[in-house]
Amino acid sequence: AMVLKQQTLETLSKSSGLPVINLLSNFSHPLQGLTDMMTIKERFGERKVKISFVGDGRDNVLLSLASISCSLGYDLNIASPQSMRPDPEVMKRLEERCEENDTIIDFFNDPYEAVRGTSVVYTDVWISMGEEAIAESKKKELSQFRVTTDLMRYSTEDSIFMHCLPANRGEEVDPEVID
């Protein structure tokens, strides 16, 4: 099911008596994360590359990507404003999963530091469904967290850029990077 609120998905799962697959909620986007990991594995094989995410640290795609990264042994750098970090309870669960698999999730205020030496640079739209009322303030806060050609120079020579799409060229990513 694709739902706006995670609570709707949980209610549907409990009340339907049927298996429910989360295609998308405001909290997570697990199938997107799984297919992204398949792309990373296809590109880099069994090599454990470092991944960076630039943008809103509470993003549903990021939270799924973080969970899967920890489970598969990929370190993840996250560049986001301090005010856009995941809920502490969510972070606690992610950190426990990372500890089990000897991986690290690290947060950065500076996107250049987060991207330095990573092989996968990922971002997502800044404004998700239901956030239209806060769009302008969120864009302002994230303005220093755009994936640019200059930022990509800090990643590894064989790095790839990823985005779950649709993208807003010129907002979270420069057209030259995504094209």
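Proline 166 sits in the loop between E5 and helix H8 (175-178). In this predicted model, a cis peptide bond joins leucine 165 to proline 166, with omega at about 0°. Leucine 165 belongs to the loop between E5 and H8 too. Leucine 165 is not a glycine, yet its phi is positive, at about 65°. Most residues other than glycine have a negative phi, and most peptide bonds are trans. Leucine 165 counts as exposed, at 52% relative accessibility, because the cut-off for exposed is over 50%.

Valine 125 lies between E4 and helix H6 (135-142). Valine 125 touches Asp59, His163, Pro166, Ala167, Asn168 and Glu172, leaving out residues up to four places away in sequence. The C-alpha atoms of valine 125 and glycine 170 are 11 Å apart, although 45 residues separate them along the chain. Is valine 125 buried or exposed? It counts as buried, at 16% relative accessibility.

**Helix H4**

H4 runs over residues 88-100, 13 residues in total. At 1.5 Å a residue, H4 should span 18 Å, and its end C-alpha atoms are 18 Å apart, so the two values agree. Val90, Met91, Leu94 and Cys98 are the buried residues here. They cover an arc of only 95° around the axis, which means that they lie on the same side of H4. The buried residues of H4 pack against helix H3 (60-72) and strand E3 (105-108). The face turned away from that buried side carries exposed Pro88, Glu99 and Glu100.

Both ends of H4 deserve a look. Just after H4 comes aspartate 102, with a positive phi of about 55°. Aspartate 102 is in the loop between H4 and E3. Aspartate 102 is exposed, with a relative accessible area of 72%.

**Cysteines**

How many disulfides does a search of the whole structure find? It finds one. The disulfide links cysteine 70 and cysteine 98, with an S to S distance of 1.9 Å. Cysteine 70 is in helix H3 and cysteine 98 is in helix H4, so the bond ties together parts 28 residues apart in sequence. Cysteine 164 is in no disulfide; its nearest cysteine sulfur, that of cysteine 70, is 19 Å away.

| Residue | Relative accessible area | Class |
|---|---|---|
| Cysteine 70 | 0% | buried |
| Cysteine 98 | 3% | buried |
| Cysteine 164 | 16% | buried |

**Nonpolar cores**

The largest nonpolar core has 26 residues. Ile40, Ile51, Ile105 and Val120 have the most contacts inside it. Elements giving two or more residues to this core are helix H2 (30-44), strand E1 (51-54), H3, strand E2 (76-79), H4, strand E4 (120-123) and strand E5 (160-163). Which element gives the largest share? H3 does, with seven residues.

Isoleucine 40 shows who meets whom. Apart from neighbours within four places in sequence, isoleucine 40 contacts Gly45, Val49, Ile51, Tyr74, Val120 and Met162. A second, separate core has 20 residues, including Phe108, Val121, Leu142 and Val173.

Definitions and conventions
Residues are numbered from 1 along each chain as its sequence is written. This is a predicted model: local features need pLDDT of at least 70, side-chain atom pairs count only at pLDDT 80 or more; totals for chains, interfaces and linings use all residues. Side-chain values use heavy atoms; hydrogens and water are left out. Helices (H or I, at least four residues) and strands (E, at least two) are DSSP runs, numbered from the N terminus. The expected span of a helix is 1.5 Å times one less than its number of residues. Buried means under 20% relative accessible area, exposed over 50%, partly exposed in between (1.4 Å probe, protein chains only). The arc is that of the directions from the helix axis to the C-beta atoms. Contact means heavy atoms within 4.5 Å. A nonpolar core is a set of buried Ala, Val, Leu, Ile, Met, Phe, Trp, Tyr and Cys residues joined through side-chain atoms within 4.5 Å. A disulfide is a pair of cysteine sulfur atoms within 2.5 Å.
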